[in-house]
Amino acid sequence: MDERPVSWWRELPGRNREEVTTVVLHATETPDLETARELAENGDRVCGHLYIDRDGGVHQFVPADRVAAHVRGHNSRSIGIELVNRGRYPDHFHSRFQVPDEEFPAAQVEALKMVLQGLRQEFPALRELVRHSDLDQALVTAADDAGRTVRRRIDPGPRFPWREVKAFWDQSTDASTSGSSPT
Ligand SMILES: [Zn+2]
């Protein structure tokens with residue numbers, strides 16, 4: 001894993017491992033990892049803990065024992081994982097960009113599974129896997145049409161293989177609650 005946290009990570013509140021119950025999946029909705037890093041570093045300090053690039057590379061932006069701002073109302077107990085994907089880029093709230101068309105490559109999805117498995121072992125209270133779009137269902141006015149609304153957050157989006165990843169997660173939950181050691 002590439003550990004190059006954002007320069008301001010020490011200003012974030014700390015937490016105990018036992019407080020972390022949830023993983024929230026996101027898409028960066030940027031063209032690439034560099035753009036996501038630039039936004040995290042110089043923007044309004046909204047970012048996830050881990051970023052997974054299209055090639056499966058895993059990059060830490062914020063250590064998991066710090067609270068990061070990645071999902072309204074659920075930050076203190078969750079870890080945010082961001083998958084690099086264009087999503088609705090370049091105009092997130094334009095009515096014409098609401099259906100993302102970029103696939104999530106197999107290398108990226110496999111890396112995500114490995115990350116999830118690792119987090120399970122590191123955070124004993126971790127049990128819930130959700131998408132950002134499950135937690136934030138707010139609507140905003142479309143950028144191009146004041147008479148229409150669009151979702152504030154849709155990520156990771158309809159192209160993300162949610163059923164596959166959720167099945168993987170549930171399977172490892174079963175394994176850990178039945179007492180057998182995860183492999
Ligand atoms: Zn998100």
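**View 1. Surroundings of V84.** Leaving aside neighbours within four places in sequence, V84 is in contact with T28, D32, L33, A36, Y51, I52, D53 and R54; two residues are in contact if their C-beta atoms, placed from the backbone, lie within 7 Å. The model is predicted: local features need pLDDT of at least 70, side-chain atom pairs count only at pLDDT 80 or more, and totals for chains, interfaces and linings use all residues. Residues are numbered from 1 along each chain as its sequence is written.

**View 2. The largest nonpolar core.** This core has 27 residues, of which V23, Y51, I52, I81, L83 and V84 touch the most other members. The elements giving two or more residues to this core are β2 (22-27), α1 (33-42), β3 (50-52), β5 (78-83) and α2 (106-122). β2 supplies the largest share, 4 residues. A nonpolar core is a set of buried Ala, Val, Leu, Ile, Met, Phe, Trp, Tyr and Cys residues joined through C-beta atoms within 7 Å. A residue is buried if 20 or more other C-beta atoms lie within 10 Å of its own, exposed if 12 or fewer, and partly exposed in between, with C-beta atoms placed from the backbone. Helices (H or I, at least four residues) and strands (E, at least two) are DSSP runs, numbered from the N terminus.

View 3. L33, A36 and A40 are the buried residues shown in α1. Seen down the helix axis, the buried residues of α1 fall within an arc of 60°, so they line one face; the arc is that of the directions from the helix axis to the C-beta atoms. An α-helix has 3.6 residues a turn, so residues three or four places apart point the same way. The buried residues of α1 pack against β3, β4 (58-60) and β5. The face turned away from this buried side carries the exposed residues E34, E38 and N42.

View 4. Two strands pair if DSSP finds at least two bridges between them.

**View 5. Pairing of β2 with β6.** These two strands pair in the parallel sense over 4 bridges. The bridge partner of L25 is R131 in β6, and V24 stands opposite V130 in β6. The covered face of β6 holds L129 and R131, while E128 and V130 lie on the uncovered one.

**View 6. T22 in strand β2.** T22 lies in β2 and is partly exposed, with 18 other C-beta atoms within 10 Å. Not counting residues up to four places away in sequence, T22 touches H74, R77, S78, E128 and V130. T149 is 127 residues from T22 in sequence, and the two are 29 Å apart in space, C-alpha to C-alpha.

**View 7. Two cis peptide bonds.** Most residues other than glycine have a negative phi, and most peptide bonds are trans. A cis bond joins Y89 and P90, with omega about 10°; P90 lies in the loop between β5 and α2. The peptide bond from D155 to P156 is also cis, with omega near 5°. P156 is found in the loop between β8 (145-151) and α4 (162-177).

View 8. E29, which is not a glycine, has a positive phi of about 55°. E29 is found in the loop between β2 and α1, and counts as buried with 26 C-beta neighbours inside 10 Å. Phi of R45 is near 65°, again positive in a residue other than glycine. R45 is placed in the loop between α1 and β3, and counts as partly exposed with 16 C-beta neighbours inside 10 Å.
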